[in-house]
Amino acid sequence: MKVTSIKIPEISKKAYPVLTSNRNVIRLHKYQLEITEKEAEIEGSEDFKEQIKLNLFAIEATLRFIRAILDLDDEDYEKLVDLDTNRTQEISQKISSYLMGMTDEDIKAIEEGQVEDPKE
């Protein structure tokens, strides 16, 4: 099992381990499936209410995913909830990348456009 860690200074000074355990990889795929299914459910809908439901669902699912993977206690979870949504997405994407076996170097190369993102 590969162990990587992620630092989130807005939440804690300590680094959180991200374990590539079966449990966490299952959590990753369930999270991705939940989002994909919800998006497909309202695809093509121009109903503003449905779009808000999707946005709310995505934010809550992302927060649950991060909390489960990092095993955040209530206090740290409240700090996570208060973060900017873009920062929350960055954290989620980094955790997801780690769980797919990527390294910081792999992530940086993708961000710089040096290699294709395997998720696409």
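Lysine 79 and glutamate 75 are four residues apart in helix H3 (residues 74–81), so about one helical turn separates them. Helices are DSSP runs of H or I with at least four residues, strands are runs of E with at least two, and both are numbered from the N terminus. The side chains of lysine 79 and glutamate 75 meet in a salt bridge, at 3.8 Å from N to O. The term salt bridge denotes a side-chain nitrogen of Lys or Arg within 4 Å of a carboxyl oxygen of Asp or Glu. Lysine 79 is partly exposed, with a relative accessible area of 32%, whereas glutamate 75 is exposed, at 56%. Buried here means under 20% relative accessible area, exposed means over 50%, and partly exposed lies in between (1.4 Å probe, protein chains only).

The model is a predicted one, in which local features need pLDDT of at least 70 and side-chain atom pairs count only at pLDDT 80 or more, while totals for chains, interfaces and linings use all residues. Residues are numbered from 1 along each chain as its sequence is written, and side-chain values use heavy atoms, with hydrogens and water left out.

How many salt bridges does the structure hold? The number is 10. Side chains of opposite charge can pair when their charged atoms come close. One of these salt bridges joins arginine 64 to glutamate 34, with the closest N and O atoms 3.8 Å apart. This pair links distant parts of the chain, since arginine 64 belongs to helix H2 and glutamate 34 to helix H1 (residues 22–42), 30 residues apart. Arginine 64 is partly exposed, with a relative accessible area of 41%, and glutamate 34 also counts as partly exposed, at 32%.

Helix H1 also contains lysine 38 and glutamate 41, which lie three residues apart, about one turn of the helix. Their salt bridge has its closest N and O atoms 3.5 Å apart. Lysine 38 counts as partly exposed at 22% relative accessibility, while glutamate 41 is exposed at 56%.

Helix H2 (residues 48–70) is also the place of alanine 58. Alanine 58 is partly exposed, with a relative accessible area of 23%. Between alanine 58 and alanine 68 there are 10 residues of sequence separation and 15 Å in space, C-alpha to C-alpha.

The view may now be widened to the whole chain. The protein has five helices and two strands, and from the N terminus on its elements run β-β-α-α-α-α-α. A compact globule of 120 residues would have a radius of gyration near 14 Å, and the 15 Å of this protein agrees with that. The radius is taken over C-alpha atoms, and the globule rule is 2.2 Å times the number of residues to the power 0.38. Along the principal axes, the C-alpha trace spans about 40 × 40 × 30 Å.

Buried residues make up 32% of the 120 residues. Of the contacts between residues at least 6 apart in sequence, 54% join residues at least 24 apart; a contact means heavy atoms within 4.5 Å. The accessible surface comes to about 8,100 Å², of which 49% belongs to carbon and sulfur atoms. Accessible areas come from the Shrake-Rupley method with a 1.4 Å probe, and for residues only the protein chains shown count as cover.
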